[in-house]
Structures are given as structure tokens and as C-alpha cells.
Amino acid sequence: MTENNKPMYAIDTTPEFTGWLSEIKDAQGKAAVTVRMLRAQNGNFGDTEPIGDGLSEMRVFVGPGYRVYYVRSGQASYLMLYGSDKTDQKRGIKRAKQILDALRGA
């Protein structure tokens, strides 16, 4: 948190991301992803890697290895596009890129 107890960054989500998160059956995994998003609001994105086209992958090492695909959407905001786990990583990245392309009007 900043001095005035406001998050450093706004974290927004797409309907696709919200749907993915709501379908995680693993309570510990869902909690870990949620906590990582809260930490990201405060500037701590943890283990992340750029994956091209402005996208990054946040890696959550719980359960099957959850992945959150996101993009910076403003000076102080990020958009969570989609999620997957390690077993479905290639398809998750492809879907995140499709969502981003649609948002950009490509």
C-alpha cells in the first residue's frame, strides 16, 4: 500500500479471466491466485515472465502450477486477461493473445 493506504496499481479482469478463476476447484490454488493479485496491486508481481506482444505470465507455484496472463493497460493499471495451469500453458497463452487482439481491435 502507498502512504494513503491506496493500492499502487489498479488490477482489472476480463470476463474470461473471472470465469477461469471461478472454475478453479482447488481452494488453496484459488486463494493463492487471489493473494498474488492483491500483492500485484501493491507492486509485488512476484515470479513473472514476458511472453511477447506486451503480455506477461505470472507464475503461481501451487497445485498444478497456475498461470495468469496479463498486460499493462495504463500508467498504473494492469488487465488480467486469462489463466491456465502448467499442463494447459500453451493453450492459455494462445487464448490470452486472442483476448488481447480482440480488445485491441486486431
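**Note on the predicted model**

1. Strand E5 supplies the most residues to the lining of the largest pocket, namely 4, where strands (E, at least two residues) and helices (H or I, at least four) are DSSP runs numbered from the N terminus. The model is a predicted one, in which local features need pLDDT of at least 70 and side-chain atom pairs count only at pLDDT 80 or more, while totals for chains, interfaces and linings use all residues. Residues are numbered from 1 along each chain as its sequence is written, and side-chain values use heavy atoms, with hydrogens and water left out.

2. The largest pocket has a volume of about 200 Å³, and its lining consists of Trp20, Glu23, Ile24, Lys25, Asp26, Tyr66, Tyr82, Gly83, Ser84, Asp85 and Asp88. A pocket here is an open set of points on a 1 Å grid over the protein atoms alone, where a 1.4 Å probe fits, with protein on both sides within 12 Å along at least five of seven lines; lining residues have an atom within 4 Å of a point. The volume is the space filled by probe spheres set on the points, which are joined across faces, edges and corners.

3. The largest nonpolar core has 19 residues, of which Phe17, Trp20, Val33, Phe45 and Met80 touch the most other members. Such a core is a set of buried Ala, Val, Leu, Ile, Met, Phe, Trp, Tyr and Cys residues joined through side-chain atoms within 4.5 Å, and buried means under 20% relative accessible area, exposed over 50%, and partly exposed in between (1.4 Å probe, protein chains only). Helices H1 (15–22) and H2 (27–41) and strands E3 (55–60), E4 (66–74) and E5 (77–85) each supply at least two residues of this core, with H2 giving the most, 4 residues.

4. Apart from this core lies another, of 9 residues, among them Leu55, Leu81, Ile93 and Leu100.

5. Pro50, which lies in strand E2 (residues 48–52), is exposed, with a relative accessible area of 66%. Leaving aside neighbours within four places in sequence, Pro50 is in contact (heavy atoms within 4.5 Å) with Leu55 and Ser56.

6. Overall, the protein chain has 3 helices and 5 strands, in the order β-α-α-β-β-β-β-α along the sequence. Its radius of gyration, taken over C-alpha atoms, is 13 Å, close to the 13 Å that the globule rule (2.2 Å times the number of residues to the power 0.38) gives for 106 residues, so the chain is as compact as a globular protein of that length.
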